[in-house]
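Let us take a friendly walk through a protein model. Keep the picture in view as you read, and look up each residue as it comes along.

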Amino acid sequence: MSFLTLTSIQKSFGPVQVVKDFNMSIEKGEFVSFLGPSGCGKTTVLRMIAGFETPSGGGITIDGKSQVNLRPNQRNIGMVFQAYALFPNMNVAENVAFGLKVAGRPKAEIDQRVKEMLGLIKLDHLADRYPYQMSGGQQQRVALARALAPKPQVLLLDEPLSALDAKIRVSLREEIRMIQQQLGITTVFVTHDQEEALSISDRIVVMNAGKADQIGKPADIYNRPATRFVANFVGTLNLIEAKVVDPATNRVSIGDQGVTLREPLGTVKAGDTVSLALRPEAGSTAPDAKGDTALTGEVISSNFLGSVIRTRMKVGDAVISFDMFNSPGLVPPAVGETSTLRFTAGDLLIIRD
Ligand SMILES: Nc1ncnc2c1ncn2[C@@H]1O[C@H](COP(=O)(O)OP(=O)(O)O)[C@@H](O)[C@H]1O
Ligand SMILES: [Mg+2]
């Protein structure tokens with residue numbers, strides 16, 4: 001049985017249902033991210049796991065034990081929030097000791113554990129500092145240590161990095177992942193940042209309007225989005241409308257150019273429209289570009305972004321963006337020029353929702 005299970009969780013505020021039939025099974029030691037836009041219900045699900053909200057329906061178990069009738073302080077959960085929620089009148093050591101003190105642990109044990117935790121987040125030297133004397137990144141590391149000190153069964157992190165600047169965000173997410181793996185603690189990490197979720201998770205739940213659209217490993221979510229919503233939210237994706245030419249041979253047309261798909265079209269008939277997704281990094285117009293498929297069109301923009309050159313090309317009614325890795329010899333196609341984008345037919349995914 002999974003360690004943390006959410007079964008048909010629902011939550012309504014008045015007449016508005018913000019979490020709809022949410023299901024998730026998380027294994028012991030797993031790091032799972034809830035990824036979705038603002039307002040899709042991520043925090044509400046997290047607060048139900050922690051016991052700050054009561055589900056309108058459904059069940060929550062940790063290690064086989066139902067949590068639904070337990071108050072927050074009866075659950076064994078550590079939580080880190082977006083805003084720095086350290087106690088301003090306590091120094092670092094006192095903040096980290098807080099949960100253990102409340103639990104009535106003996107002083108020697110608390111001192112030992114605080115020392116261990118400060119070592120884990122590499123802030124031993126700042127034990128006497130107060131929150132206002134530390135950077136945002138340092139405060140969030142203390143918040144993490146405070147959450148972990150009482151040895152919770154589950155760690156919940158609600159957008160813990162979103163108030164930090166870009167560089168710190170990247171280094172701290174890697175540190176969180178390292179500490180999580182070192183302790184083997186079951187973790188739910190909430191974020192609206194797809195790169196963050198892709199880079200540190202064992203699995204991702206992509207949330208859309210109160211339900212899980214797709215659950216999978218980062219590469220599966222990125223490479224094989226199950227819905228249009230996931231395709232759009234996780235990365236920049238071209239969504240191309242194509243016309244079915246011959247269902248038997250998986251032949252479609254984009255503009256007036258024919259393409260044979262790898263993936264079976266299924267039950268459609270000639271003349272139907274199908275939606276196809278193509279990742280911008282899947283194709284290239286470089287002279288040595290390879291692929292069994294080509295689309296020719298007019299280049300309408302070309303932007304040098306440093307490591308990649310992002311070009312947009314018009315094919316019939318579709319505008320297709322593609323990224324080529326920069327290299328000193330690469331001459332990007334010029335605006336107004338007719339160019340041919342080559343890629344593998346297998347990179348064209350059928351979106352079926
Ligand atoms: N206590 C509340 N009362 C009424 N509506 C709420 C309450 N908490 C959250 N909501 C609403 O529920 C929806 C989901 O919110 P939330 O879980 O915070 O989303 P997220 O964390 O994904 O941004 C939002 O529309 C929000 O306004
Ligand atoms: Mg939130």
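We begin at one proline. Leaving aside its neighbours within four places in sequence, Pro150 is in contact with Gly78, Gly99, Leu100 and Ala103. Keep in mind that you are looking at a predicted model. Pro150 sits in the loop that runs between helix 4 (136–148) and strand 7 (154–158). Is Pro150 buried, exposed or partly exposed? It counts as partly exposed, because it has 18 C-beta neighbours inside 10 Å, and a residue needs 20 or more to be called buried.

**Helix 2**

Two of the contacts of Pro150, Gly99 and Leu100, bring us to helix 2 (residues 92–102). Gly99 and Leu100 are buried there, and so are Val92, Ala93, Asn95, Val96 and Ala97. What covers the buried residues of helix 2? The cover includes helix 3 (107–120) and helix 4. Just after helix 2 comes Gly104, with a positive phi of about 75°.

**The whole chain**

Now step back. The protein chain holds eight helices and 19 strands. Its C-alpha atoms fill a box of roughly 75 × 50 × 35 Å along the principal axes. Of the 353 residues in the chain, 35% are buried. Take the contacts between residues at least 6 apart in sequence: 65% of them join residues at least 24 apart.

The chain is divided into domain 1 (4–226) and domain 2 (238–351). Their centres, taken over C-alpha atoms, are separated by 40 Å.

**Around the ligand**

**Two open sheets**

Next, the strands. Strands of a sheet pair through backbone hydrogen bonds, either parallel or antiparallel.

One open sheet has four strands in the order 2-1-4-5, with antiparallel pairing. Strand 2 (16–26) and strand 5 (65–66) stand at its edges; each has a single partner strand, so one side of each is left without a neighbour in the sheet. Inside this order, strand 1 (residues 4–13) and strand 4 (residues 57–62) pair over five bridges in the antiparallel sense. Here Gln10 stands opposite Gly57 of strand 4.

Another open sheet has five strands in the order 13-12-11-14-19, and the pairing is again antiparallel.

| Strand pair | Bridges | One bridge pair |
|---|---|---|
| Strand 9 (residues 203–208) and strand 10 (residues 211–216) | five bridges | Val206 and Gln214 |
| Strand 15 (residues 293–304) and strand 16 (residues 308–315) | six bridges | Glu298 and Lys314 |
| Strand 16 and strand 17 (residues 318–325) | eight bridges | Thr311 and Phe322 |

The hairpin of strand 9 and strand 10 has two residues between the strands, and Ala209 in the turn has a positive phi of about 45°. In the hairpin of strand 15 and strand 16, three residues lie between the strands, and Gly306 takes a positive phi near 100°. Strand 16 and strand 17 form a hairpin with two residues between them, where Gly316 in the turn has a positive phi of about 60°.

Conventions. Residues are numbered from 1 along each chain as its sequence is written. Chains are lettered from A and ligands numbered from 1 in the order in which they are written. This is a predicted model: local features need pLDDT of at least 70, side-chain atom pairs count only at pLDDT 80 or more; totals for chains, interfaces and linings use all residues. Two strands pair if DSSP finds at least two bridges between them. Domain bounds come from an automatic or database domain assignment. A residue is buried if 20 or more other C-beta atoms lie within 10 Å of its own, exposed if 12 or fewer, and partly exposed in between; C-beta atoms are placed from the backbone. Two residues are in contact if their C-beta atoms, placed from the backbone, lie within 7 Å.
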